[in-house]
There are 2 protein chains.
Amino acid sequence: MNWANRMKAISIAVAAGLSCMHAVAQAPVSVSPPVAKPSYSELLAASKPGDWRALDLENTLYMDIPQGRVIIEVSAAYAPAHAANIRALVREKYFDGLTILRSQDNYVVQWGDPDEKNPRAMKQGKSSLAPEFTRSIDDKLPFTKLPDVDGYAPEVGFSNGFPVGRNPKTNQTWLAHCYGMVGAGRDNADTSGSGAELYAVTGHAPRHLDRNITLLGRVVQGMPLLSSLPRGTGNLGFYEKPEQRVTIKSVRLAADVPTAERTNLEVIRTDTPLFTSLVEALRNRGGTWYKVPAGHIELCNVMLAVRAVRP
Amino acid sequence: MNWANRMKAISIAVAAGLSCMHAVAQAPVSVSPPVAKPSYSELLAASKPGDWRALDLENTLYMDIPQGRVIIEVSAAYAPAHAANIRALVREKYFDGLTILRSQDNYVVQWGDPDEKNPRAMKQGKSSLAPEFTRSIDDKLPFTKLPDVDGYAPEVGFSNGFPVGRNPKTNQTWLAHCYGMVGAGRDNADTSGSGAELYAVTGHAPRHLDRNITLLGRVVQGMPLLSSLPRGTGNLGFYEKPEQRVTIKSVRLAADVPTAERTNLEVIRTDTPLFTSLVEALRNRGGTWYKVPAGHIELCNVMLAVRAVRP
């Protein structure tokens, strides 16, 4: 297999703005050339500035670990109390020096305070919040419905860049546990989470957790730093030895970081005709590599493009 | 959060035989105690020997890399020609000294011959095979259907421990791209794969690849060794520098390995009443942590237990 073909060896997943070429079928001379469907990559390459949005700096976290920076977009719309609590905890530097304490294969990484005997005190931040497992549907909340059936929710789609489920009968909507989504770890009591302990999905989407725990954000950059962490050898993937944990240097709000230190990102809007076309390009992939288009797109298989921009 | 509760901090995923406890609801004195539904872990702990099966040593690969051993069960039923070709390649030591050359986040790791200019010659093994993307449904092929709808296939379920899709109308069935599944990398031509270059799914199941490429096996042990590999910085996650690639010490068939060096595993059978109960326990999780049972199980969220046994 030569290198050019190797580049297409399995298929092409576009993330973080990488662009790839799909070969277009060549028509015989005597027949009108088929209209080539634009691929996901081609559509993205032809996007306009209005197809993208900047992150809300008050709801963007920079988690700096030795391996690099993990950037999390927090959803103030779906988890307002948790978003506010995380802002409070971040501003009192609660997370600085805490650790990534768990990495369970095909599931999650989790970070927070590893010290049970002498837990770090909170000042403005709270250690317990009312659950924000779902919220009511609001016409002011954007929602781009996906066309296909989903097993875990009557409707699924995207809301301001976040994957969501919806039940019109109960008038409830909720964030969905796709890869990279971030939630508030909790015990049995539904008020036992607060955002002081967080997890990110690093494997196949555990959609059965939807509506059972407060999801509050999404990793928009740096996911490989989390997903490649060695798995913990303890039960549930907890690290058994303190030296195995990854120390968090700091968590800061992008709004509080000097402009020169910011990572300027844009994420694809999910309420545009382009986004609808991107979804369709994923539902039915053209080109020469695919032999059988799926005719279906699953919520957590929709790729959400992120790109770096000049400040 | 104390350590006992931390152990249940998000939820409990049982893999490789880890057992976990779910708290059972306490009923008030004046009402008959509810019948506690057994949890996935409790069901597994109560399994009988007949609920498990040994691996077929002629179709079990040991891929030994510096980080440890990756064990792959190959499906001779769904990919007989590829299984035979892999046996041939393994027996001529084709893979020994080749490398893991790609790790793309939320997608795959891939391994094979990195040398384009001087590719390793094959003796008995072939570099090209007819595609085995699907096969015909055969009553002799075991199939345990899952009860719920799937977006990518009219029916889904398990066949001898492998996740499969089925279309009764076309009489076709195929392996599904769940986490840990292994396939034969190929170029655009559907005959360009052969098993000489393999990949394993390390992220959210890319079900859109089903029926488009030959899946041929499943990682039954050692997945963390692959999923935690640093992601490649090149396009599609290819490692840009030779020193970043992971050298494969050897790939051997379990049948050819001296008994003392074997890793003796059993995997849960998928054609038993216990398996049906395990699936139901995942569809509707009881206990005190879950507040809303999903009432649904997705093919790739079914956990397939593996355990070590004495030889």
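**A salt bridge and its surroundings**

Author: In this predicted model, B:Asp256 and B:Arg91 join their side chains in a salt bridge, with 2.8 Å from N to O. B:Asp256 is in the loop between strand 15 (250-253) and strand 16 (265-268) of chain B, while B:Arg91 belongs to helix 3 (residues 80-91) of chain B, so the contact ties together parts that are 165 residues apart in sequence. The relative accessibility of B:Asp256 is 42%, which makes this residue partly exposed. B:Arg91, at 41%, is likewise counted as partly exposed.

In chain A, residues 91 and 256 belong to a network: A:Glu58, A:Arg87, A:Arg91 and A:Asp256 are linked by salt bridges.

Over all chains, a search of the whole structure finds 34 salt bridges. One of them pairs the side chains of A:Arg231 and A:Asp105, at 2.9 Å from N to O. A:Arg231 sits in the loop between helix 4 (223-227) and strand 14 (246-247) of chain A, and A:Asp105 in the loop between strand 4 (99-104) and strand 5 (108-112) of chain A, so this pair ties together parts that are 126 residues apart in sequence. A:Arg231 has a relative accessibility of 14% and therefore counts as buried, the cut-off being under 20%.

The loop between strand 4 and strand 5 of chain A also holds A:Asn106. Phi of A:Asn106 is near 55°, a positive value in a residue other than glycine. With a relative accessible area of 25%, A:Asn106 is partly exposed.

A further salt bridge joins the side chains of A:Lys140 and A:Asp138, at 3.7 Å from N to O. A:Lys140 counts as exposed at 73% relative accessibility, whereas A:Asp138 counts as partly exposed at 25%.

Back in chain B, the loop between helix 3 and strand 4 (99-104) contains B:Lys93. B:Lys93 is not a glycine, yet has a positive phi of about 60°. Its relative accessible area of 56% makes B:Lys93 exposed.

B:Tyr94 and B:Phe95 form an aromatic pair; their ring centres are 5.3 Å apart and their planes are at 80°, so the pair is edge-to-face. The angle decides the label, because planes over 60 degrees apart count as edge-to-face.

The search of the whole structure gives six aromatic pairs over all chains. Another of these is A:Phe158 with A:Phe275, also edge-to-face, at 5.4 Å centre to centre and with 75° between the planes. A:Phe158 is in strand 8 (residues 155-159) of chain A and A:Phe275 in helix 5 (residues 273-283) of chain A, so the pair ties together parts that are 117 residues apart in sequence. A:Phe158 and A:Phe275 are both buried.

Arginines also meet rings in chain B. The charged end of B:Arg166 is placed over the ring of B:Phe143, 3.9 Å from its centre. B:Arg135 lies over the face of B:Tyr78, and here the distance from the ring centre is 5.9 Å.

Searching the whole structure gives 11 cavities of 30 Å³ or more. The largest cavity holds about 120 Å³ of space. Its lining has 13 residues, and those nearest the centre are A:Gly151, A:Glu298, B:Asp150, B:Gly151 and B:Glu298. By type, the lining of the largest cavity divides into four nonpolar, four polar and five charged residues.

One more loop of chain B remains. B:Leu57 is in the loop between strand 1 (52-54) and strand 2 (60-65) of chain B. B:Leu57 is partly exposed, at a relative accessible area of 32%. Between the C-alpha atoms of B:Leu57 and B:Glu280, which are 223 residues apart along the chain, the separation is 31 Å.

To return to the part requested: the salt bridge of B:Asp256 and B:Arg91 has an N to O distance of 2.8 Å. It connects a loop of chain B with helix 3 of chain B.

Note on methods
Residues are numbered from 1 along each chain as its sequence is written. Chains are lettered from A and ligands numbered from 1 in the order in which they are written. This is a predicted model: local features need pLDDT of at least 70, side-chain atom pairs count only at pLDDT 80 or more; totals for chains, interfaces and linings use all residues. Side-chain values use heavy atoms; hydrogens and water are left out. Rings of Phe, Tyr and Trp (its six-membered ring) pair if their centres lie within 6.5 Å; planes under 30 degrees apart count as stacked, over 60 as edge-to-face and the rest as tilted. Helices (H or I, at least four residues) and strands (E, at least two) are DSSP runs, numbered from the N terminus. Buried means under 20% relative accessible area, exposed over 50%, partly exposed in between (1.4 Å probe, protein chains only). A charge sits over a ring if NZ of Lys or CZ of Arg is within 6 Å of the ring centre and within 35 degrees of the ring normal. On a 1 Å grid over the protein atoms alone, a cavity is a set of points where a 1.4 Å probe fits but cannot get out, and a pocket is an open set with protein on both sides within 12 Å along at least five of seven lines; lining residues have an atom within 4 Å of a point. Grid points are joined across faces, edges and corners, and a volume is the space filled by probe spheres set on the points. Ala, Val, Leu, Ile, Met, Phe, Trp, Tyr, Cys and Pro count as nonpolar, Asp, Glu, Lys and Arg as charged, and the others, Gly among them, as polar. A salt bridge is a side-chain nitrogen of Lys or Arg within 4 Å of a carboxyl oxygen of Asp or Glu.
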